[in-house]
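Subject: Structure handover

Hello,

Here is the structure for you to look through. My notes on what was found in it follow below.

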Amino acid sequence: MNATVSTARIFSSDNAAGTCPEILEAVAREISGQALPYGADDSTAAVRRRLSDVFEREVDVLLVSTGSAANALSLAALTPPWGSVLCHRDSHINNDECGAPEFYTAGAKLVPLGGDDAKISPDELRAAGRHKAGDVHSVEPSAVSLTQATETGAVYTLDEVRVLGAIAKEAGLRMHMDGARFAGAVASLGCAPAELTWRAGVDLLSFGATKNGTMTADAIVVFDRSLTAELAFRAKRAGQLASKMRFHAAQFEAYLTDDLWLRNAHHANAMAARLQEGLKAIPEVGLLGAADANILFCRLPQRVTEGLLADGYAFYHDRWEPGVARFVTSFATAPKEIDHLLQAVRRHAA
């Protein structure tokens, strides 16, 4: 991508967005003074209390620097080296983690499953959960990982998560949720975070934040606290135990204060909905699925794609199949930026 692309024209990823002023101010307040290192500070303890309130139960929290670390460490705590992780074939852990889950689990196998909208099919999970279970010649089905929201921008409903959770429990599988866009899913469903996670059978949540406003911090939320000690050792061994953890924690304190995390997600979702409504009115554009959260897929004529690229717009195109484009909005996307994009699409489609 051209480094001179205007930030107002980057729709390739919500990682392109900056950070919220509230979060930057919280980090700045930590610059002076001293605090105990390695997560023994007051701010880190406060984040655990805040997340316990959010999820309506006592949880443990490990703050990490990336979503990849949160996913890989979580799966390593749930899966032995001879085990398997059941996931959707389009999931981030299967396609975009550079083998990190396999590396941190010391060789556990990812078993990709099908299902519409990048959601795991209950029938496929049921079959895979018992496939060669107990057979020493095969990997042992050990965990299931759901991506919420999915890589297509769809959101698992509460009933869908509960059904998969029940299947996992019956098969003796542990459950992980890759919540890189968890805030967007909660905002879309309007539900309690507890209902979407531990009450539906989730043991560990990768609680994403960098896509939604923080600078350098994501979290592992531990519902099954028997896993906490092992996760702590794994995090240290992986270089994810920050010595000045208070700077990660300051970001999360601000992120969770006054529901900033949900307000940001509501805005990102609303911008995707605005884009979706605008594209519906352009006959040459074909929408692919609903934008439940902040990701939208559509079919664009080649002339439109080329025109947008020439205008300096950045977005994924032809990555999945020819003619298919993906647009991602963020907490920082302004309504006028959506309107300018729609004007450009109309101009090139004419």
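Two strands are counted as paired if DSSP finds at least two bridges between them. Please keep in mind that this is a predicted model.

With that rule, strand 10 and strand 11 are an antiparallel pair with 2 bridges. They form a hairpin, and 6 residues lie between the two strands. Asp318, in the turn, has a positive phi of about 60°. Across the pair, Tyr316 has Arg326 of strand 11 as its bridge partner.

Ile295 has Val328 in strand 11 as its bridge partner, and Phe297 stands opposite Arg326 in strand 11. Arg326 is also the bridge partner of Tyr316.

Is strand 11 buried or exposed? Buried means a relative accessible area under 20%. By that cut-off 5 of the 5 residues of strand 11 are buried, so the strand is largely enclosed by the rest of the structure.

In a regular strand the side chains alternate between the two faces of the sheet. Here Val324, Arg326 and Val328 point one way from strand 11. Ala325 and Phe327 point the other way, and these residues are buried as well.

Two helix pairs

Two packed helices are described by the angle between their axes and the distance between the axes.

For helix 12 (residues 260-280) and helix 14 (residues 335-349), the axes come within 10 Å and cross at roughly 25°. Angles under 35 degrees count as roughly parallel, and helix 12 and helix 14 are therefore roughly parallel to each other. The crossing of helix 12 past helix 14 is right-handed. On the helix 12 side, the residues in contact are Met271, Arg274, Leu275, Gly278 and Leu279. They meet Pro335, Ile338, Asp339, Leu341, Leu342 and Val345 in helix 14. The residues of this contact divide into 8 nonpolar, 1 polar and 2 charged.

The second pair is helix 3 (residues 67-78) and helix 10 (residues 228-237), which pack at an angle of about 135° with their axes 10 Å apart. Helix 3 and helix 10 are therefore oblique to each other. Helix 3 passes helix 10 in a right-handed crossing. From helix 3, Leu73, Ser74, Ala76 and Ala77 meet Glu230, Leu231, Arg234 and Ala235 in helix 10. The residues of this contact comprise 5 nonpolar, 1 polar and 2 charged.

A loop residue

Where does Gly134 lie? Gly134 is in the loop between helix 6 (122-130) and strand 4 (140-147). Exposed means a relative accessible area over 50%. With a relative accessible area of 66%, Gly134 is therefore exposed. Gly134 and Gly33 are 101 residues apart along the chain, and their C-alpha atoms are separated by 55 Å.

Regards

Note on methods
Residues numbered from 1 in each chain as written. Predicted model: local features only at pLDDT ≥ 70, side-chain atom pairs only at ≥ 80, totals over all residues. Heavy atoms only, no water. Helix = DSSP H or I, 4+ residues; strand = E, 2+ residues; numbered from the N terminus. Buried < 20%, exposed > 50% of the residue type's maximum accessible area, 1.4 Å probe, protein only. Axes fitted to C-alpha atoms, helices over the stretch in contact; angles between N-to-C directions. Parallel < 35°, antiparallel > 145°, perpendicular 65-115°, else oblique. Left-handed = near helix turned anticlockwise from the far one by under 90°. Contact = heavy atoms within 4.5 Å. Nonpolar A, V, L, I, M, F, W, Y, C, P; charged D, E, K, R; others polar.
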